[in-house]
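Work through the exercises below with the sequence and the 3D model side by side. Try each task on your own before you read its solution.

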Amino acid sequence: MSSALALRPADSTMPETPLPGPEGLGWTDGAVLAGTAAIAGGPLSAAAAEIDRGAYPLDIMAQLGGAGALGVHLDRHGARFGLSIAAMQAGSRACGATGFLMWCHDVCGLYMEQSGNPALAGALLDEHAAGRSFGGTALSNPMKAFAEIEPMLLRARRVAGGYRVSGMLPWVSHIGPGQYCGAIAGVLGAGEAITHEIMFLLRCDRADLRPCPHFSGMEGTSTWGVRLDDVFVGQDDLIADPARPFIGRIRGAFILLQCGMGLGVAEGSLDAMRAVEEPLGHVNQFLDDRPDRIAAELAELRVRVMRLAETPYDGATDYLIDVLDARCQTSELALRAAQSALLHQGARGYLMSAAPQRRIRESHFVAIVTPAVKHLRWEMARLSREILPAASCAGAQA
């Protein structure tokens with residue numbers, strides 16, 4: 001997945017969307033959707049196969065940032081989470097890898113703004129939101145560690161003015177020289193026990209980036225192994241100390257934004273099904289998950305996601321369960337739609353260069369990226385489990 005190749009726009013005649021000022025002037029809902037659709041349908045669609053082979057589309061990400069697609073979920077731009085998800089759906093419809101990069105970029109901006117740290121939430125965040133600088137997220141391991149699925153891999157020691165962090169993360173996406181990502185480390189106390197965790201913005205130039213093995217898909221996401229050896233993290237780079245309350249506050253928003261990827265991959269698969277309806281509809285009618293069925297389920301699920309996007313910071317347990325379930329449903333719909341698209345297209349869709357073949361791999365990624373389907377179900381089961389208060393148990397025994 002590690003590629004230093006940035007793509008150039010395939011269609012230089014596409015009108016440029018003016019970059020807004022710091023207040024996001026011009027990023028109306030209609031302008032953002034129209035700009036994103038033009039990019040997705042033009043240069044991004046043209047480059048999708050190259051991205052699938054490993055090209056890292058930073059120039060296209062810059063265009064998306066200029067159109068507002070990477071910043072409208074931020075409080076300073078109206079906290080329009082529904083619009084952000086819609087933009088990510090449009091990007092993922094053309095290219096699942098780019099949709100994933102949009103999510104990585106979005107949540108990194110979320111960390112920076114919600115940190116309340118002026119060093120992160122000022123000019124640096126404005127550059128990030130407009131796609132003039134780039135950063136991802138290194139929370140795959142911490143999210144699983146918080147769920148007690150695996151141990152925390154980064155460790156920190158308190159020193160004068162901040163912390164020193166060491167450890168190795170096997171894969172972090174949307175990073176590279178001059179870029180950054182949000183990361184979490186466990187703080188070691190007496191007896192080498194973790195006392196709490198810190199969250200910080202990791203500057204990639206301070207880390208050792210190592211190539212990852214080749215994956216079956218999503219090669220254009222600039223994914224690297226990251227090694228830290230006594231890296232200093234000062235106050236200007238701290239996102240949260242302690243980290244757990246912060247993660248608890250943004251967790252719903254973090255997961256909900258991912259729905260844009262699954263919705264987009266499912267919609268791209270639906271496009272492939274409809275493309276062969278005229279020549280193959282007479283025989284495809286005997287397949288399950290026909291276009292009308294997938295389209296109806298996609299529309300229903302999108303309405304549900306958009307309703308949840310109205311209150312992304314709702315801290316209620318019921319709300320979080322609904323978010324987890326919606327995220328799980330988008331994964332499962334993407335899987336079904338991608339497989340159905342391949343079956344609808346037959347041999348032409350089985351070519352390595354065919355969009356349905358790419359969609360199969362993209363849908364698998366949507367289902368395994370943290371939180372994976374199994375992780376989502378694990379969390380829903382944990383949150384749904386009834387725990388009777390001790391006083392109630394004592395009263396029942398009396």
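**Exercise 1. Find how many bridges join S4 to strand S5 (residues 194-203), and in which direction the two strands run.**

Solution. Step one is to find the two strands, where strands (E, at least two residues) and helices (H or I, at least four) are DSSP runs, numbered from the N terminus. Step two is to count: nine bridges join S4 to S5, and the two strands run antiparallel; two strands are said to pair if DSSP finds at least two bridges between them. As one example of a facing pair, glycine 186 stands opposite glutamate 197 in S5. Step three is to look at the connection, where S4 and S5 form a hairpin with five residues between them, and glycine 191 in the turn has a positive phi of about 70°.

Before you go on, note that this is a predicted model, in which local features need pLDDT of at least 70 and side-chain atom pairs count only at pLDDT 80 or more, while totals for chains, interfaces and linings use all residues. Residues are numbered from 1 along each chain as its sequence is written, and side-chain values use heavy atoms, with hydrogens and water left out.

**Exercise 2. Determine which way strands S1 and S2 run relative to S4, and name a bridge partner for each of glycine 135 and alanine 156.**

Solution. Take strand S1 (residues 135-137) to begin with: three bridges join S1 to S4, and the two run parallel, with tyrosine 180 in S4 as the bridge partner of glycine 135. Then turn to strand S2 (residues 154-159), which two bridges join to S4, again in a parallel arrangement; here the partner of alanine 156 is valine 187 in S4.

**Exercise 3. Decide whether the residues of S4 are buried or exposed, and explain what follows for the strand.**

Solution. Begin with the cut-offs: buried means under 20% relative accessible area, exposed means over 50%, and partly exposed lies in between (1.4 Å probe, protein chains only). Next, sort the residues by direction: Tyr180, Gly182, Ile184, Gly186 and Leu188 point one way from S4, whereas Cys181, Ala183, Ala185 and Val187 point the other way, and all are buried. The conclusion is that, because nine of the nine residues of S4 (residues 180-188) are buried, the strand is largely enclosed by the rest of the structure.

**Exercise 4. Compare the span of helix H3 with its expected span, and find what its buried residues pack against.**

Solution. The expected span of a helix is 1.5 Å times one less than its number of residues. Helix H3 (residues 81-94) has 14 residues and reaches 20 Å from its first C-alpha to its last, close to the 20 Å expected. Then consider burial: 12 of the 14 residues of H3 are buried, so the helix is largely enclosed by the rest of the structure. Among these buried residues are Phe81, Leu83, Ile85 and Met88. Finally, with contact meaning heavy atoms within 4.5 Å, the buried residues of H3 pack against helix H1 (29-52), H4, H8, helix H9 (259-275), helix H11 (291-308) and H14.

**Exercise 5. Identify which residues lie closest to the centre of the largest pocket, and which helix gives the largest share of its lining.**

Solution. About 660 Å³ of space lies in the largest pocket. Of the 30 residues that line this pocket, the closest to its centre are Ser140, Trp171, Ile368, Val369 and Thr370. A pocket is found on a 1 Å grid over the protein atoms alone, as an open set of points where a 1.4 Å probe fits, with protein on both sides within 12 Å along at least five of seven lines, and lining residues have an atom within 4 Å of a point. Grid points are joined across faces, edges and corners, and a volume is the space filled by probe spheres set on the points. The largest share of the lining, four residues, comes from H14.
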